[in-house]
Amino acid sequence: PPALVTIPGAGAPLPRGSGTGGASADDNGETVVVGAAADSKRIGRALTPGEASDLRAALDDLTMQRQSVRRAMAACLDASEASEDVVDVLCAPFEEVLARANDTTTTSTWASSIAATPAGLVARLYVMSDVLHNAGQAVESGLARGASSFRTLFECRLPSAFRAIKLALRSLGRLSGEEMKGRCLCVLKAWSAWRCFPDKFVSDLHDLLV
């Protein structure tokens, strides 16, 4: 059976679509390993050029809308054998926000990319949540080899992601900021219900945000 897409607070699950998944190809068509993918201890293989192109396209067009999140989630799962590269690409905007916050050479509070805006970060959090929700079923059905590693990979990145979201929300007015924060809290509530992480871990993420 197809995996289901569940966006916290966005209504009923949707059937999972198809897509693929984040390194890129150089001028000779060779796979270029992204981020820290050159580390020999990394999980799985590198992204293929086709997977990188599909994942990039899905994330470039990403919004908080259900269909957009579904497409990005499918691209992540379809490239699950390169799960660590996928997570690197998915989490890059969170790292951008933290890097800008620590950059003493600029006083700008504006994100340098749409993906690093509050809405862009929350949309990526939705994608992470949907990948978590669907990874188990994808593994059982044989649709996504390597998907089981996403939980561990996300667990390593989520504290930084929530710190970045909190920083990004400072650029919004009070009402808009509270609305975005509420979306994130809905995600945490869903994770508690799914028991995909220890209660203490989810509670710590909550504290990072509020």
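Student: What is the mean pLDDT of the chain in this predicted model?

Tutor: In this predicted model, the mean pLDDT of the chain is 79, and 70% of its residues reach 70 or more. Confidence is highest in helix α7 (residues 199-209), at a mean of 97, and lowest in β4, at 35.

Student: Where does pLDDT stay under 50?

Tutor: Over residues 1-40. The model has 113 contacts beyond four places in sequence for that stretch.

Student: Why is R45 called partly exposed?

Tutor: Buried means under 20% relative accessible area and exposed means over 50%. R45 has 34% relative accessibility, so R45 counts as partly exposed. R45 lies in the loop between β4 (31-32) and α1 (49-60).

Student: What makes the pair of R45 and E51 a polar contact?

Tutor: The cut-off for a pair of N or O atoms is 3.5 Å. The side chains of R45 and E51 make their polar contact at 2.6 Å, which is within that cut-off.

Student: Which residues does R45 touch, not counting those up to four places away in sequence?

Tutor: R45 touches E51, E81, A82 and D85.

Student: How do you know that the reach of helix α3 is close to the expected one?

Tutor: Helix α3 (residues 83-101) has 19 residues, for which 27 Å is expected at 1.5 Å a residue. From first C-alpha to last, α3 reaches 28 Å, close to that value.

Student: Where in α3 does the kink lie?

Tutor: The kink, of about 45°, lies at C91, shortly before the proline P93.

Key:
Residues numbered from 1 in each chain as written. Predicted model: local features only at pLDDT ≥ 70, side-chain atom pairs only at ≥ 80, totals over all residues. Heavy atoms only, no water. Helix = DSSP H or I, 4+ residues; strand = E, 2+ residues; numbered from the N terminus. Buried < 20%, exposed > 50% of the residue type's maximum accessible area, 1.4 Å probe, protein only. Contact = heavy atoms within 4.5 Å. Polar contact = N/O pair within 3.5 Å; in protein donor to acceptor, adjacent residues only side chain to side chain. Expected span 1.5 Å × (residues − 1). Bend = angle between axes of the 7 residues up to and from the residue. pLDDT = per-residue confidence, 0-100.
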